[in-house]
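Here is a short briefing to read alongside the model. Please keep the sequence and the 3D view open as you go.

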Amino acid sequence: MAEKQAHLNGAYYGPSVPPAPANYRSHRRSSGCGCGCCLLKLLLKIIITLVIIIGLAVLIFWLIFRPNEVKFHVTDVSLNEFNLDGNNTLHYDLAVNITVRNPNRRIGVHYDRIEARAYYEDQRFDTQTLPSFYQGHKNTSFLNPVFKGEHLVLLGADETAEFNEERASNIYSIDVKLYLRIRFKVGSVRTGRFRPKVSCDLKVPLSAANATATFSTTKCDWDF
């Protein structure tokens, strides 16, 4: 009995329990992507879905309506005066005829604002605001801006030399640009507003000095 009691009070506590692996907790924490990673994947799926839907909508719209670019042409000009005096003041009298052709069968165009600007050597010398209008399907409309007056222009040596050359030939390089605010109409639906620019690079003969010179119809370019 005493022998058994001594055994119970000794240092023996039974078989030892093996310790948990050192990387047990870190392994559990690193498994899985976590809440932030899952949210990122969900957001990526939503973005991809939206891109596909928008792409399909654009494709269907194009297949149904086959939109074509509205075409701008300068068909005629009249330049009665274009003279630079000793004070760098440009005196001008310019009339421009522009045709606007909408070739689309199902798309109309609202021209909410049309601002015509005239430039020489990248310097604007006049601005005219033209009446707004709606252009229907398969329609040709006409714009007739008139620029007349005087304006101070500052030309460098190269620009002045070029002006003198053009004055000798009485044919001037004048740019007319249209700054637009437009909406498209498809059936009863109207789009938001766009603000494109249309550029017309012209070679304009002085009317009084060139009785035989003629102006060539010039296509204008869109710049969205």
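Predicted model: local features only at pLDDT ≥ 70, side-chain atom pairs only at ≥ 80, totals over all residues.

Residues are numbered from 1 along each chain as its sequence is written, and side-chain values use heavy atoms, with hydrogens and water left out.

**Nonpolar core**

- The largest nonpolar core has 40 residues; such a core is a set of buried Ala, Val, Leu, Ile, Met, Phe, Trp, Tyr and Cys residues joined through side-chain atoms within 4.5 Å.
- Buried means under 20% relative accessible area, exposed over 50%, and partly exposed in between (1.4 Å probe, protein chains only).
- The members touching the most other members are Phe-72, Val-74, Phe-82, Tyr-111, Ile-174, Leu-178 and Leu-180.
- At least two core residues come from each of strands S1 (71–84), S2 (89–102), S3 (107–120), S4 (123–130), S8 (171–186) and S10 (197–205); strands (E, at least two residues) and helices (H or I, at least four) are DSSP runs, numbered from the N terminus.

**Phe-72 and the aromatic pairs**

- Phe-72 counts as buried at 2% relative accessibility, and its contacts beyond four places in sequence include Tyr-111, Leu-178, Leu-180 and Trp-222 (contact: heavy atoms within 4.5 Å).
- There are ten aromatic pairs in the structure; rings of Phe, Tyr and Trp (its six-membered ring) pair if their centres lie within 6.5 Å, with planes under 30 degrees apart stacked, over 60 edge-to-face and the rest tilted.
- One of them joins Phe-72 and Trp-222 edge-to-face, at 5.3 Å centre to centre and 75 degrees between the planes.
- Phe-72 is in strand S1 and Trp-222 in strand S12 (residues 221–223), so this pair ties together parts 150 residues apart in sequence.
- Trp-222 is also buried, at 18% relative accessible area.
- Phe-82 and Phe-125 have ring centres 5.9 Å apart and planes at 70 degrees, so they too are edge-to-face.
- This pair links strand S1 to strand S4, 43 residues apart, and both residues are buried.
- Phe-82 and Phe-125 belong to one aromatic cluster with Tyr-92, Tyr-120, Phe-163 and Tyr-172.

**Thr-89**

- Thr-89, in strand S2, is buried at 16% relative accessibility.
- Leaving out residues up to four places away in sequence, Thr-89 touches Asn-83, Leu-84, Glu-150, His-151 and Leu-152.

**Helix H3**

- Leu-42 is found in helix H3 (residues 34–65) and is partly exposed, with a relative accessible area of 47%.
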